[in-house]
Amino acid sequence: MGVLEDLRSAMAEAKVDAVVIPTNDPHFCEMPPEHFARREFVTGFTGSAGTAVVTTEEALLWTDARYFLQADKELSDQWKLVKDRTPGVPGIHEWLRDNLREGDKVGVDPTLFAIAASERIKSCIQPKNIELVFLSDNLVDKTWTSGRPPLSADPLRIHPMKYAGLKVEDKLSKISESIVAKQATDLLVSKLDDIAWILNLRGSDVPNTPLFVSYLIIRDDATATLFCDQTRITAEVSELLTSSNVSVSAYEDTFPHVSSRVSQGGRFWLDPGSTSVAAFEASSVDGSAPLKAETPIELMKAKKTEVEMAAMKSAYLKGTKAEFSEPVRFDTSASREQCWEPVRS
């Protein structure tokens with residue numbers, strides 16, 4: 001069977017009538033690691049933005065104007081291109097509401113949908129009695145059984161203080177003050193750029209971006225736990241983390257740890273725009289209600305230190321420097337008409 005046939009078989013087994021397959025990974029990266037390229041695997045569309053919807057009878061891809069031509073070339077005749085954000089074209093939520101039947105179920109992977117995004121889908125489809133179902137297993141993973149790129153196993157590296165500007169423990173201390181002020185005990189950080197900045201670490205998991213797949217939990221006492229592939233922690237990185245009161249646990253232990261902390265009386269702070277429904281569910285055990293609010297991390301990152309500004313200036317100068325192998329001579333005798341000859345169709 002083909003990919004769509006396999007996926008629909010998995011849908012039938014899960015008892016859902018439609019699935020929504022986003023581009024993003026559990027950390028909402030704009031350019032996710034290839035291991036998480038589920039939408040690309042299902043559709044064959046390689047553009048960096050798009051969301052697929054598969055029902056028992058239809059297969060549709062929403063993408064924006066940057067990719068209309070590319071999608072036309074890459075999609076097979078099994079797929080319909082939906083030109084997102086063009087007049088008269090429904091968004092995904094509206095299409096689900098208007099095309100599914102009352103009582104139908106829409107399956108999503110709760111690790112791939114942010115809290116705020118899932119609430120928007122629910123508010124649109126629930127009035128028609130269409131249910132949003134959070135699946136325990138990703139249905140694409142059931143069909144992607146061979147040829148799937150592995151996650152990076154490259155060692156993490158330290159971002160030197162001469163570029164970072166702030167020590168890890170200073171950042172954790174500042175964030176912990178906000179946690180206390182919000183009357184929470186823990187802050188779960190999902191965004192990879194936030195984690196790399198807080199810990200002064202870099203990786204190679206995402207093309208052209210020095211990030212690494214991980215979660216970070218920061219507590220009200222300024223200690224933290226990094227959840228990642230522990231084999232990637234070098235002796236040098238381990239020394240940095242230990243000296244900064246940061247422990248390391250396995251990536252897959254993130255949500256069980258969250259639930260354990262809540263069971264012990266903890267309360268988590270989650271950013272609804274960048275934290276998954278799966279994290280919300282893990283932090284909602286035993287009747288606990290996590291705090292849903294923006295975190296101070298983005299603002300902290302925006303306030304550059306003198307060291308960071310100097311490094312940025314140096315990077316800009318290097319990036320814009322032009323080197324010529326031989327002198328360039330400009331012809332100053334050419335007329336305006338010669339320089340600006342109109343192009344005729």
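## Terms and model

On a 1 Å grid over the protein atoms alone, a pocket is an open set of points where a 1.4 Å probe fits, with protein on both sides within 12 Å along at least five of seven lines; its lining residues have an atom within 4 Å of a point. Grid points are joined across faces, edges and corners, and a volume is the space filled by probe spheres set on the points.

This is a predicted model, in which local features need pLDDT of at least 70 and side-chain atom pairs count only at pLDDT 80 or more, while totals for chains, interfaces and linings use all residues. Residues are numbered from 1 along each chain as its sequence is written, and side-chain values use heavy atoms, with hydrogens and water left out.

## The second largest pocket

The second largest pocket has a volume of about 520 Å³. It is lined by 21 residues, and His159, Tyr163, Arg202, Lys304 and Glu308 are the closest to its centre. Helix H7 (161-164), H9 and helix H14 (306-320) each supply at least two lining residues; helices (H or I, at least four residues) and strands (E, at least two) are DSSP runs, numbered from the N terminus. H14 gives the most, with 7 residues.

The lining of this pocket divides into 10 nonpolar, 4 polar and 7 charged residues. Here Ala, Val, Leu, Ile, Met, Phe, Trp, Tyr, Cys and Pro count as nonpolar, Asp, Glu, Lys and Arg as charged, and the others, Gly among them, as polar.

## The largest pocket

The largest pocket has a volume of about 820 Å³. Among its 28 lining residues, Pro22, Asn24, Gly50, Thr51 and Arg85 lie nearest the centre. H5 gives the most to this lining, with 4 residues. By type, the lining holds 14 nonpolar, 8 polar and 6 charged residues.

## Helix H8

Val168, Lys171, Leu172, Ile175, Ser176 and Ile179 of H8 are buried (under 20% relative accessible area; exposed is over 50%, partly exposed in between, with a 1.4 Å probe and protein chains only). Seen down the axis, the buried residues fall within an arc of 135 degrees, so they line one face of the helix; the arc is that of the directions from the helix axis to the C-beta atoms. Val180 and Ala181 are exposed on the other side.
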